[in-house]
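Hi everyone, thanks for coming. Let's have a look at the structure together, and I'll talk you through a few parts of it.

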Protein chains: 2
Amino acid sequence: MELFYGIFSGNTAVLDDAESGHCIRVLRHRCGDEIHVIDGLGTMARCRLVDDSPKKAVAEVEERFPRWGDHPYRLTLACCPTKNNDRFEWLVEKATEVGVDRIIPLIGERSERRIYKSDRARKIALAAAKQSLKAAVPEITEPLSVKDFLTKSPAEGLRLIAYCFEGETLRTSIRAALQEHFPATGGTRAYTADDEQRSVTSDEALPQITVLIGPEGDFSPEEARLALEKGCLPIHLGPSRLRTETAALTAAEAVYLHFL
Amino acid sequence: MELFYGIFSGNTAVLDDAESGHCIRVLRHRCGDEIHVIDGLGTMARCRLVDDSPKKAVAEVEERFPRWGDHPYRLTLACCPTKNNDRFEWLVEKATEVGVDRIIPLIGERSERRIYKSDRARKIALAAAKQSLKAAVPEITEPLSVKDFLTKSPAEGLRLIAYCFEGETLRTSIRAALQEHFPATGGTRAYTADDEQRSVTSDEALPQITVLIGPEGDFSPEEARLALEKGCLPIHLGPSRLRTETAALTAAEAVYLHFL
């Protein structure tokens, strides 16, 4: 199944230049063809192509599938971009495949990368969402300092911070923290074909989880102290020494696997 | 902490050309310096440099740490290499960081990549093991066909196969399969500084787990049938459509997180 990204207005979806070119020039779709368009916000629509312009294709919506390819939680990864940009972009792709809602590039006191341009990461998130059949594209925000993030953003849901100061004994594993806050529901039910593309329509409040991951040189003690003051729970990701991007993906995997 | 890889013989560790160059030319170690050398098999040794030749440095062992940086399970990932080689090499790096013991490049009936050279992946595994402070370097075997793997390799421990045939209803999640076979031990204990570098010396039998991951086009129905005949348990990795390498890493993360 091939997905396109479009801007929806009423019953019409308009594809931008890049998406139109791919749909019309590369895949040679023509007026009357059925195509599937996501709005990037969670809805996938089965559409009929009504204008096959390779610059600005237009399709009419025939059926909408809200929360298509959605996961049963809301996860924010607040993570310091790595010195090597490829590694952070890899994280964006993989976390999108697994299931993440927002990625906040954090600039920590010890970050070597102090400037981050989010545009490229947004393109990677869109491509990964389409590839992994998700109608919602994770939001990649503009970068924020750790301090601003902790003092200015709303303190919603369970907020976890992973750091690895020597001798620290207070932390529990991310697995134990998730189990405590969101007790497992069993997880032994069989998998059915319906699960392949769930279309969750209920609007119940989903568990909100935020995980903070520091830069290669870790958070500073002041940043960690501020995080605890602001109600973040210190966690560890196990005995392996993980690179920044591996730590962030491990956190995303822990949340994904917890809610399986 | 910087680790070097060496060949051990009695009380002596010899670094090869590349490792010697890095140790002597780049890091400018000299006779009398303390260095840390892994044997790639699980032991890290605190050594004293006795020959600072940049082609073949030699160190004398002062103290050995068996099973240094080890994890409490034995995991084999039997995974079809991806069409794009970078993606498989990325998997080798990430799985090594998280904790894996053996990676078997599988050639499936539907594999687009039918030839795989394991040498480059071995270098990546070594670099990742050193970077993530593990004394054991995962073994990257020569490639094997799925059929040969299933019929010729010993059927030890829990063997799981992930595939995604439409309408299949028999599978349970990897999380449920692990919980059933290796009931959780709680996982809520606090993390101590000792855990940072555990030196597990007991030789108890560790849980043996093998996960089979197919190529982009999935296993063939015949391969899946043979796997079930041979005692593999069919599992799913959740509702997300994951790329081959993401599926394999997700399986490694599930095992790692289960034993946290």
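Chain A is divided into domain 1 (3-65) and domain 2 (74-258), with bounds that come from an automatic or database domain assignment. Their contact takes 10 residues from domain 1 of chain A and 7 residues from domain 2 of chain A; two residues are in contact if their C-beta atoms, placed from the backbone, lie within 7 Å.

A word on the model: it is predicted, so local features need pLDDT of at least 70 and side-chain atom pairs pLDDT 80 or more, while totals for chains, interfaces and linings use all residues. Residues are numbered from 1 along each chain as its sequence is written, and chains are lettered from A and ligands numbered from 1 in the order in which they are written.

Now to chain B. Here a closed barrel of 5 strands runs β1-β2-β5-β4-β3, with mixed pairing. Strands are DSSP runs of E, at least two residues, and helices are runs of H or I, at least four, numbered from the N terminus; strands pair if DSSP finds at least two bridges between them. Strands β3 (residues 34-38) and β4 (residues 44-51) of chain B run antiparallel, joined by 5 bridges. In β4(B), C47(B) is the bridge partner of I35(B).

How do α2 and α8 of chain B pack? Helix α2 (residues 85-98) and helix α8 (residues 244-258) of chain B meet at about 5°, with axes 9 Å apart. Axes are lines fitted to C-alpha atoms, for helices over the stretch in contact, and angles run from 0 to 180 degrees between N-to-C directions. That makes α2(B) roughly parallel to α8(B), since angles under 35 degrees count as such.

Terms used: Parallel < 35°, antiparallel > 145°, perpendicular 65-115°, else oblique.
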